[in-house]
Amino acid sequence: MVKAKVTSVEYATESEVMRDGLRTLQARDAALEKWLHEKVIPCAGTT
């Protein structure tokens, strides 16, 4: 998949693909943490 992204000229290098993937994972993890702390944890105490 990484090589395909570079071959398709979406990215210039394999490192660029990996960095973008890691940034995406970091953003997803941050969104999940936010959701847990704002929505899930407060509800857990009301059962």
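A residue is called buried here when its relative accessible area is under 20%, exposed when that value is over 50%, and partly exposed in between. Glu-14, at 38% relative accessibility, therefore counts as partly exposed. The coordinates discussed below belong to a predicted model rather than to an experimental one.

**Overall form**

The protein chain has two helices and zero strands, and its C-alpha atoms fill a box of roughly 55 × 15 × 10 Å along the principal axes. Of the 47 residues in the protein chain, buried residues make up 4%. The accessible surface of the protein chain comes to about 4,100 Å², and carbon and sulfur atoms account for 63% of that surface.

**Helix H2**

Helix H2 covers residues 14-44.

Ser-15 lies in helix H2 and is partly exposed at 43% relative accessibility; its C-alpha atom is separated by 30 Å from that of Trp-35, 20 residues apart along the chain. Glu-33 is also found in helix H2, where it counts as partly exposed at 43% relative accessibility, and the C-alpha atoms of Glu-33 and Asp-20, 13 residues apart along the chain, are separated by 20 Å.

**Salt bridges**

Side chains of opposite charge can pair when their charged atoms come close. With a side-chain nitrogen of Lys or Arg required to be within 4 Å of a carboxyl oxygen of Asp or Glu, the count comes to four salt bridges.

| Glu-14 | Lys-3 | 3.0 Å |

What does the salt bridge between Glu-14 and Lys-3 tie together? Glu-14 forms a salt bridge with Lys-3; Glu-14 lies in helix H2 and Lys-3 in helix H1 (residues 2-7), so the pair ties together parts that are eleven residues apart in sequence. While Glu-14 is partly exposed, Lys-3 is exposed, with a relative accessible area of 57%.

The pair formed by Asp-20 and Arg-23 lies within helix H2, where the two residues are three residues apart, about one turn of the helix. Asp-20 counts as partly exposed at 25% relative accessibility, and Arg-23 likewise counts as partly exposed, at 47%.

**A nonpolar surface patch**

Which residues form a nonpolar patch on the surface? The patch is formed by Leu-32, Trp-35, Val-40 and Ile-41, which together have about 370 Å² of accessible area. One of these residues, Trp-35, lies in helix H2 and is partly exposed, with a relative accessible area of 48%. Residues qualify for such a patch when their relative accessible area is over 30% and they take part in no salt bridge, so Trp-35, at 48%, is above the accessibility cut-off.

**The loop between the helices**

Val-9 lies in the loop between H1 and H2. Its phi is near 65°, a positive value in a residue other than glycine. Most residues other than glycine have a negative phi. The side of the matter that concerns the surface is that Val-9 is exposed, with a relative accessible area of 68%.

Technical notes: Residues are numbered from 1 along each chain as its sequence is written. This is a predicted model: local features need pLDDT of at least 70, side-chain atom pairs count only at pLDDT 80 or more; totals for chains, interfaces and linings use all residues. Side-chain values use heavy atoms; hydrogens and water are left out. Patches are made of residues with over 30% relative accessible area and no salt bridge: like charges are joined within 9 Å, nonpolar side chains (Val, Leu, Ile, Met, Phe, Trp, Tyr) within 5 Å. Accessible areas come from the Shrake-Rupley method with a 1.4 Å probe; for residues, only the protein chains shown count as cover. Helices (H or I, at least four residues) and strands (E, at least two) are DSSP runs, numbered from the N terminus. Buried means under 20% relative accessible area, exposed over 50%, partly exposed in between (1.4 Å probe, protein chains only).
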